[in-house]
Amino acid sequence: MRQFKNTSLRYGVVAMLFHWIMAILIIGMLALGLYMSDLPKGLLKLKYYGWHKEIGLTILGLVTLRVVWWIYNVRPILSDTMPAWQRFAARTVHFALYICMFAMPLTGWLMSSAAGVSVSFFGLFVMPDLISPDVSARILFKILHQWIAYGFIAAICGHTLAALHHHFIVKDDILKRMLP
């Protein structure tokens with residue numbers, strides 16, 4: 001049986017579940033966002049936007065729980081054999097990923113609020129609007145949401161390539177620490 005909590009050498013089951021569930025949701029959301037933005041106005045586009053907002057709120061909730069778990073847990077250490085610049089890059093990319101995990105759903109929620117469209121959470125309840133309707137704010141948050149998405153994609157690619165580099169080229173246990 002895998003350990004529940006992290007150790008100094010590897011991640012526990014809870015951290016692994018947070019990582020892989022959120023990875024699937026986030027990559028799916030980025031793909032859906034890129035796809036639906038080019039759709040013509042209509043019911044299908046509205047349906048996809050609804051899903052996008054609901055899953056975005058789910059991600060916001062999960063990243064909040066993930067940060068709480070991260071605060072109260074040991075984090076596996078990076079190997080001393082790893083060059084200092086790689087340890088710095090790893091910490092920087094992880095920080096960027098967390099910023100994006102918060103910034104994407106928040107700018108989306110702000111964009112919806114500024115458009116005067118309240119965000120429903122799977123039909124269970126409606127989230128409060130964060131700001132009053134404002135066309136200029138909607139445009140600003142739309143641009144921010146879009147550019148944060150591009151940065152998020154770049155950070156995910158860098159994170160994934162680094163993990164694969166460590167697994168296949170360096171042949172260390174960096175990737176294995178996050179696998180069951």
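Start at the largest pocket, which holds about 1400 Å³ of space. Here a pocket is an open set of points on a 1 Å grid over the protein atoms alone, where a 1.4 Å probe fits, with protein on both sides within 12 Å along at least five of seven lines. The volume is the space filled by probe spheres set on the points, which are joined across faces, edges and corners.

This is a predicted model: local features need pLDDT of at least 70, side-chain atom pairs count only at pLDDT 80 or more, and totals for chains, interfaces and linings use all residues. Residues are numbered from 1 along each chain as its sequence is written, and side-chain values use heavy atoms, without hydrogens and water.

Select Y11, A90, H94, L97 and H159: of the 48 lining residues (an atom within 4 Å of a point), these are the closest to the centre of the largest pocket.

Now colour the helices (DSSP runs of H or I, at least four residues, numbered from the N terminus). Helix 1 (13-36), helix 2 (43-71), helix 3 (84-114) and helix 4 (135-170) each supply at least two residues of this lining. Helix 3 has the largest share, 14 residues.

Colour by class next. The lining has 33 nonpolar, ten polar and five charged residues. Nonpolar means Ala, Val, Leu, Ile, Met, Phe, Trp, Tyr, Cys and Pro; charged means Asp, Glu, Lys and Arg; the others, Gly among them, are polar.

Move to the second largest pocket, about 1100 Å³. Select M36, Y49, H52, M111 and H145, the nearest to its centre among 37 lining residues. Helices 1, 2, 3 and 4 each give two or more residues to this lining. Helix 2 gives the most, ten. By class, the lining of the second largest pocket divides into 19 nonpolar, twelve polar and six charged residues.
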